[in-house]
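Dear colleague,

Below is the structure that I am handing over to you, and after it come my notes on what was found. Please read them with the structure open beside you.

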Amino acid sequence: MSRRRTLGTKKKIALLVSAATVAGGGAFVMASTSNASPPTPKSASESTVCLGLATALGNNQKFIADQRANPDAQSEARIANREAVVAEIERKQEASGCAVGESAQDSQTAQPAQPAQPPAASAQPSQPAASAPAGDGGGAAASGQQVCNGSTVTLSGEGGAPAASSNQFPAGTKLKVTNLDNNKSTTVEVTSVSGSCALLNNAAFEQVREPGKFLIRRALIEKVG
């Protein structure tokens, strides 16, 4: 009888150990499942990157559409160049985790006009900077006058030395672009046509942008020289 009770006790202990092992394993699986982290939403910085790339893409797509609607002798070459730029922007969207092909127009009316800066020594008292409406008569603006009021600034995606493109200013016009968020500025020459008041190529944009951003919301653009 005593021998039978001893064997029965050993079996009970073995069964209890097995049950505890299974229960512990199940608890581990449940804990692992419950601790699984949900997908991390985009940060504010990532959203700004995506918005900047979408705006740059929209500017180039608008330029291509305008060239096709009103072609001239150089339209085909311009379109081919901008299609290569569009492809490069889409590669950057993919690398940044943005929606590839998502575009947004650089609407000057969507952004509030930036406060007019005090004119230097009131050089143009008859034409204050705030009096020139954005997108109208920019090419005739006087030297030192604020232009492209209310515009955001993005990159055109073009390579080469620092330069700008514009739908308002002829080639040879010099523009000073200041990023009011970090007070960095660059003075560049307009070398080509674009679908926005002022677009900076890659080299010029690098001189004024904040790290990791492809959009300048608060910009001061002045015609100089």
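Just after helix H3, Gly 97 takes a positive phi of about 75 degrees; helices here are DSSP runs of H or I with at least four residues, strands are runs of E with at least two, and both are numbered from the N terminus.

Before going further, please note that this is a predicted model, in which local features need pLDDT of at least 70 and side-chain atom pairs count only at pLDDT 80 or more, while totals for chains, interfaces and linings use all residues. Residues are numbered from 1 along each chain as its sequence is written, and side-chain values use heavy atoms, with hydrogens and water left out.

The chain holds four helices and six strands, and from the N terminus on its elements run α-α-α-β-β-β-β-β-α-β. Of its 225 residues, 34% count as buried (buried means under 20% relative accessible area, exposed over 50%, and partly exposed in between, with a 1.4 Å probe and protein chains only).

To return to H3, this helix has 21 residues and reaches 30 Å from its first C-alpha to its last, close to the 30 Å expected at 1.5 Å a residue, where the expected span is 1.5 Å times one less than the number of residues. Its buried residues are Ser 75, Ile 79, Arg 82, Val 85, Val 86, Ile 89 and Gln 93. Seen down the axis of H3, these buried residues fall within an arc of 125 degrees, so they line one face of the helix; the arc is that of the directions from the helix axis to the C-beta atoms. On the other side of H3, Glu 76, Ala 77, Glu 94 and Ala 95 are exposed.

Ile 79, which lies in H3 (residues 75-95), is buried with a relative accessible area of 6%. Leaving aside neighbours within four places in sequence, Ile 79 is in contact with Ile 64, Gln 67 and Arg 68, contact meaning heavy atoms within 4.5 Å.
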